[in-house]
Amino acid sequence: MNTTDTHSDEMLAIAKRFFGAVSAGDIDAVRAMYAPDAKIWHNNDGQTQTVDQNLVVLGWIAANVKNFRYEDVRCEATAMGFVEQHVTCGVGLKGNEFRIPACIVCTVVDGKVTRVDEYLDSAHVAAIAG
């Protein structure tokens, strides 16, 4: 195995742990995967969140969205981290099922996620609240 294969395997393993923790609602595990000064940006509002701000949102999802999961997952390692495309699925506050196509670009340094750029269609996001 060459170093490129090792890097790719490491990035894919980090992606699997990261999104596994998010989908399980394991906020402590997500926090442990972030670098302390990580930035999380969303295309739908153009805002950049801190780790603590992002964890509040993920905590709300864990507490309020039933059957939260990722489907149709495609993940590729990059030189700086990984890119994952998936469909975010669950049951919203009013019992409505939702499917939100998303593309997440993550930068990883020393095994920690330092930046997340999340691209999704804002028209789908309203379905979470119903």
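Which strands does helix H3 lie across, and at about what angle to E1 does this helix run? In the predicted model described here, helix H3, which comprises residues 51-64, lies across E1, E2, E3 and strand E4 (81-91), and its direction is at about 70° to E1.

Taken along the principal axes, the box filled by the C-alpha atoms is roughly 50 × 30 × 25 Å. Of the 130 residues, 35% count as buried, and among the contacts between residues at least 6 apart in sequence, 47% join residues at least 24 apart.

The six strands form an open sheet with mixed pairing, in the order E2-E1-E6-E5-E4-E3. At the edges stand E2 and strand E3 (66-78), each of which has a single partner strand, so one side of each is left without a neighbour in the sheet. In general, the strands of a sheet pair through backbone hydrogen bonds, and the pairing is either parallel or antiparallel. Both arrangements are found around strand E1. Strand E1 (residues 34-42) runs parallel to strand E6 (residues 112-120), to which it is joined by five bridges; within this pairing, Lys39 has Arg115 of E6 as its bridge partner, and Trp41 has Asp117 of E6. Strand E1 is also joined to strand E2 (residues 48-49), in this case by two bridges and in an antiparallel manner, with Gln49 of E2 as the bridge partner of Ile40. The hairpin of E1 and E2 has five residues between the strands, and in this hairpin Gly46 takes a positive phi near 70°.

The aromatic residues were examined next. A pair of aromatic rings is described by the distance of the centres and the angle of the planes. The structure holds six aromatic pairs. One of them is formed by Phe18 and Phe19, an edge-to-face pair with 5.2 Å from centre to centre and 85° between the planes, and both Phe18 and Phe19 are buried. The rings of Phe68 and Tyr70 have centres 5.4 Å apart and planes at 75°, an angle over the 60 degrees that marks an edge-to-face pair, so this pair is edge-to-face. Phe68 has a relative accessibility of 15%, and because this is under 20%, Phe68 counts as buried. Tyr70, with a relative accessible area of 18%, is likewise buried because its value is under 20%.

Tyr70 is located in strand E3, and, when residues up to four places away in sequence are not counted, Tyr70 touches Phe19, Val22, Ser23, His86, Val87 and Thr88. The C-alpha atom of Tyr70 is separated by 17 Å from that of Val116, a residue 46 residues apart from Tyr70 along the chain.

In soluble globular proteins, nonpolar side chains tend to be buried together. In the present model, the largest nonpolar core has 29 residues, and those with the most contacts inside this core are Phe18, Val30, Tyr34, Val113 and Val116. At least two residues of the core are supplied by each of helix H1 (3-24), helix H2 (27-33), E1, H3, E3, E5 and E6, and H1 gives the most, with seven residues. Val116, leaving out residues up to four places away in sequence, touches Phe18, Tyr34, Lys39, Ile40, Trp41, Ile104, Val105 and Cys106.

Apart from its neighbours within four places in sequence, Thr107 is in contact with Met80, Lys112, Val113, Thr114 and Arg115. Of these contacts, Val113 is among the residues with the most contacts inside the largest nonpolar core, and Arg115 is the bridge partner of Lys39.

Definitions and conventions: Residues numbered from 1 in each chain as written. Predicted model: local features only at pLDDT ≥ 70, side-chain atom pairs only at ≥ 80, totals over all residues. Heavy atoms only, no water. Pairing = 2+ DSSP bridges. Helix = DSSP H or I, 4+ residues; strand = E, 2+ residues; numbered from the N terminus. Phe/Tyr/Trp six-rings, centres within 6.5 Å; stacked < 30°, edge-to-face > 60°. Buried < 20%, exposed > 50% of the residue type's maximum accessible area, 1.4 Å probe, protein only. Contact = heavy atoms within 4.5 Å. Axes fitted to C-alpha atoms, helices over the stretch in contact; angles between N-to-C directions. Core = buried A, V, L, I, M, F, W, Y, C linked by side-chain atoms within 4.5 Å.
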